[in-house]
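Student: I would like to learn how to read this model, feature by feature. Where do we begin?

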Amino acid sequence: MTMKNLKNIFRIAIMVLLASSCSTNNNSKVQPEQSKRDTVIIQAMKFQPDTIMINEGDTIVWINKGIVAHDISKYPDKTWHSDTIEPQQTFEKVFDDSTSYFCSIHPTMKGLIMINK
Ligand SMILES: [Cu+2]
């Protein structure tokens, strides 16, 4: 094998590497839309908004902007729930299904999460 042939083989190998890294970049562009983060403010003993429409897999972030502690619990059975959320603290959770929730400390506080399917 001559030196010239060896150089050509290296050149081809580099071209193949470049081409495959380009196609990797193209693939990342067609990946599904990234999941979003949606915010619910807890203030004045209410969830604001109290009904929120999100896409499957989105994250909801609750921010306690009130002056007392709250929690986020599945309504009515508390099959999932946050820890106590003190003022200025947050809680976040990913949702794949529609659900209603409430604050088990103040059970009149209710909210609804609807999945856009
Ligand atoms: Cu509360």
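**Reading the core, the sheets and the loops**

Tutor: With the core. The largest nonpolar core has ten residues: Val-40, Ile-42, Phe-47, Ile-60, Trp-62, Ile-72, Ile-85, Tyr-101, Phe-102 and Cys-103. The elements giving two or more residues to this core are β1, β4 and β7. A nonpolar core here is a set of buried Ala, Val, Leu, Ile, Met, Phe, Trp, Tyr and Cys residues joined through C-beta atoms within 7 Å. Buried means 20 or more other C-beta atoms within 10 Å of the residue's own; exposed means 12 or fewer; partly exposed lies in between; C-beta atoms are placed from the backbone. In soluble globular proteins, nonpolar side chains tend to be buried together.

Student: How is the model made, and how are residues numbered?

Tutor: This is a predicted model: local features need pLDDT of at least 70, side-chain atom pairs count only at pLDDT 80 or more, and totals for chains, interfaces and linings use all residues. Numbering starts from 1 along each chain as its sequence is written.

Student: What is the mean pLDDT of the chain?

Tutor: pLDDT is the predictor's confidence in each residue, from 0 to 100. The chain mean is 86, and 74% of the residues reach 70 or more. Over residues 23-28, pLDDT stays under 50, and the model has zero contacts beyond four places in sequence for them. Two residues are in contact if their C-beta atoms, placed from the backbone, lie within 7 Å.

Student: How many helices and strands does the chain have?

Tutor: Helices (H or I, at least four residues) and strands (E, at least two) are DSSP runs, numbered from the N terminus. The chain has one helix and eight strands. Along the sequence the pattern is α-β-β-β-β-β-β-β-β.

Student: Which strand order does the sheet with β1 have?

Tutor: Strands of a sheet pair through backbone hydrogen bonds, either parallel or antiparallel. Two strands pair if DSSP finds at least two bridges between them. Here an open sheet of four strands has the order β2-β1-β4-β6, with mixed pairing. β2 and β6 stand at the edges, each with a single partner strand, so one side of each is left without a neighbour in the sheet. On average, neighbouring strands of this sheet are turned by 25 degrees against each other, direction ignored. For such angles, axes are lines fitted to C-alpha atoms, for helices over the stretch in contact, and angles run from 0 to 180 degrees between N-to-C directions.

Student: How do β1 and β2 pair, parallel or antiparallel?

Tutor: β1 (residues 37-43) is joined to β4 (residues 59-64) by six bridges, and these two run parallel. Arg-37 has Thr-59 as its bridge partner in β4. β1 and β2 (residues 46-48) pair in the antiparallel sense over three bridges. There, Ile-42 is partnered by Phe-47. β1 and β2 form a hairpin with two residues between them, and Ala-44 in the turn has a positive phi of about 55 degrees.

Student: What about the sheet that holds β8? Which strands stand at its edges?

Tutor: This open sheet also has four strands, in the order β3-β8-β7-β5, with mixed pairing. β3 and β5 stand at the edges, each with a single partner strand, so one side of each lacks a neighbour in the sheet. Five bridges join β3 (residues 51-55) to β8 (residues 110-116), and the two run parallel. Ile-54 stands opposite Ile-115. β7 (residues 99-102) pairs with β8 in the antiparallel sense over four bridges. Phe-102 stands opposite Lys-110.

Student: Is Asn-116 buried or exposed?

Tutor: Asn-116 lies in β8. Asn-116 counts as exposed, because it has 9 C-beta neighbours inside 10 Å. Leaving aside neighbours within four places in sequence, Asn-116 is in contact with Met-53, Ile-54 and Asn-55. The C-alpha atoms of Asn-116 and Ile-54 are 5.8 Å apart, though 62 residues separate them along the chain.

Student: Now a loop residue. Where is Lys-78?

Tutor: Lys-78 is in the loop between β5 (73-74) and β6 (90-94). Lys-78 is exposed, with 12 other C-beta atoms within 10 Å. Beyond four places in sequence, Lys-78 is in contact with Ser-73 and Ser-104.
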